Amino acid sequence: MTTIDIRELRQLAQAIRLETLKALTALGFGHYGGCMSVVETLAVLYGEVMRIDPGDPDWPQRDNFVLSKGHAGPALYSTLALKGYFPQAELQTLNQNGTRLPSHPDRLRTRGVDATTGSLGQGVSIAAGMALSHRLAQRDNRVFCILGDGELNEGQCWEAFQFIAHHNLNNLTLFIDYNKQQLDGLLDEVIKPFDLAGKFRAFGFAVASVQGDDIAAIRAAVAPRRSGEQRPLVVILDSVKGQGVPYLEQMDNSHHLRLTPEVRQHIEQAIAELEATHV
């Protein structure tokens, strides 16, 4: 990957982060932390890796994306708007009456969304069904799915993982947003994840572990089509809740915020700093 390519993906990531912050802050509440920690992954997927056509969201040959951690919907919406699926001005209608951008993704409401998600644990099962469907129809479409680390508390995830590995769905790539926090606190305080990479290997997956903000590493892990590898791939993103926004990164828990005047001031300052550096 050239330096120019990496710079373009970093610029897309910065734009996704900026637009997501602006949309959430206009609303006055939302899932700030978990949106920020998947920004670089969305930039890599939609900026280069995925085969998409914003002019034809239902293009049969497109790659599919499932945001299993549906509370990060605002980051997905920003990505879709920046890629031209709908006007960026719509981002300011997030979660308001009559919007096409509800709090969690809804494939019947939002142009470019492939799967309705929000009930944690269910998105990965949808992604598995998509991948198997492509396999049975002998299509070369790829499927990508982002899960939260707290979401792995759901038993349905592990049933889906076993199904995916059993069927050798190497056209499916999973991302685990390992930001180490969930709704009620730190992972280690709620339910310890133990050795995630080891568990996935035991379930039959190929495993890659990368820094959650390392665009070059994320791209290197997922860009090649995986014709020579039978196992499905999981990419563990060693990320930070609130990634890319120092104020959010340093909060005890930024999973869901309602903006007090003090919090709003800090986030508006972060928005101003991003706008000043965004090209």
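Which residues in α3 meet which residues in α9?

Modeller: This is a predicted model: local features need pLDDT of at least 70, side-chain atom pairs count only at pLDDT 80 or more, and totals for chains, interfaces and linings use all residues. Residues are numbered from 1 along each chain as its sequence is written, and side-chain values use heavy atoms, with hydrogens and water left out.

Your contact first. From α3 come Glu40, Thr41, Val44, Glu48 and Val49. They meet Ile215, Ile218, Arg219 and Val222 of α9. Contact here means heavy atoms within 4.5 Å. Helices (H or I, at least four residues) and strands (E, at least two) are DSSP runs, numbered from the N terminus. The residues of this contact split into 5 nonpolar, 1 polar and 3 charged. The classes are simple: Ala, Val, Leu, Ile, Met, Phe, Trp, Tyr, Cys and Pro are nonpolar, Asp, Glu, Lys and Arg are charged, and the others, Gly among them, are polar.

Now the geometry. α3 packs against helix α9 (residues 215-222) at an angle of about 55 degrees, with the axes 9 Å apart. α3 is therefore oblique to α9. Under 35 degrees counts as roughly parallel, over 145 as roughly antiparallel, 65 to 115 as roughly perpendicular, and the rest as oblique. The axes are lines fitted to C-alpha atoms, for helices over the stretch in contact, with angles from 0 to 180 degrees between N-to-C directions. The crossing of α3 and α9 is right-handed. Right-handed means that the near helix is turned clockwise from the far one by less than a right angle; anticlockwise is left-handed.

Helix α5 (residues 123-136) and helix α6 (residues 155-166) have axes that come within 9 Å and cross at roughly 15 degrees. That makes α5 roughly parallel to α6. Their crossing is left-handed. On the α5 side the contact uses Val124, Ser125, Ala128 and Leu132. On the α6 side it uses Gln156, Cys157, Ala160, Phe161, Phe163 and Ile164. This contact divides into 8 nonpolar, 2 polar and no charged residues.

Most residues other than glycine have a negative phi. Gln138, in the loop between α5 and β3 (143-148), has phi near 60 degrees. Gln138 is exposed, at 75% relative accessibility. The cut-offs are under 20% relative accessible area for buried, over 50% for exposed and in between for partly exposed (1.4 Å probe, protein chains only). Asn168, in the loop between α6 and β4, has phi near 50 degrees. At 33%, Asn168 is partly exposed.

Next, α4. Of its 10 residues, 9 are buried, so α4 is largely enclosed by the rest of the structure. The buried ones are Gly73, Pro74, Ala75, Leu76, Tyr77, Ser78, Thr79, Leu80 and Ala81. Gly84 follows α4, with a positive phi near 95 degrees.

Last, the salt bridges. The rule is a side-chain nitrogen of Lys or Arg within 4 Å of a carboxyl oxygen of Asp or Glu. The count is 10. One of them pairs Arg62 with Asp114, with the closest N and O atoms 3.0 Å apart. This pair links distant parts of the chain, 52 residues apart: Arg62 sits in the loop between α3 (39-49) and β2 (64-67), and Asp114 in the loop between α4 (73-82) and α5. Both Arg62 and Asp114 are buried.

Glu19 bridges to Lys22, with 3.5 Å between the closest N and O atoms. Both lie in helix α1 (residues 3-27), 3 residues apart, about one turn of the helix. Glu19 is buried at 12%, whereas Lys22 is partly exposed at 27%.

Asp177 also forms a salt bridge, with Lys69, at 2.7 Å between the closest N and O atoms. That pair spans 108 residues, from strand β4 (residues 172-178), which holds Asp177, to the loop between β2 and α4, which holds Lys69. Asp177 is buried at 0% relative accessibility, and Lys69 is buried at 1%. Elsewhere, salt bridges that share partners join Glu19, Lys22 and Glu275 into one network.
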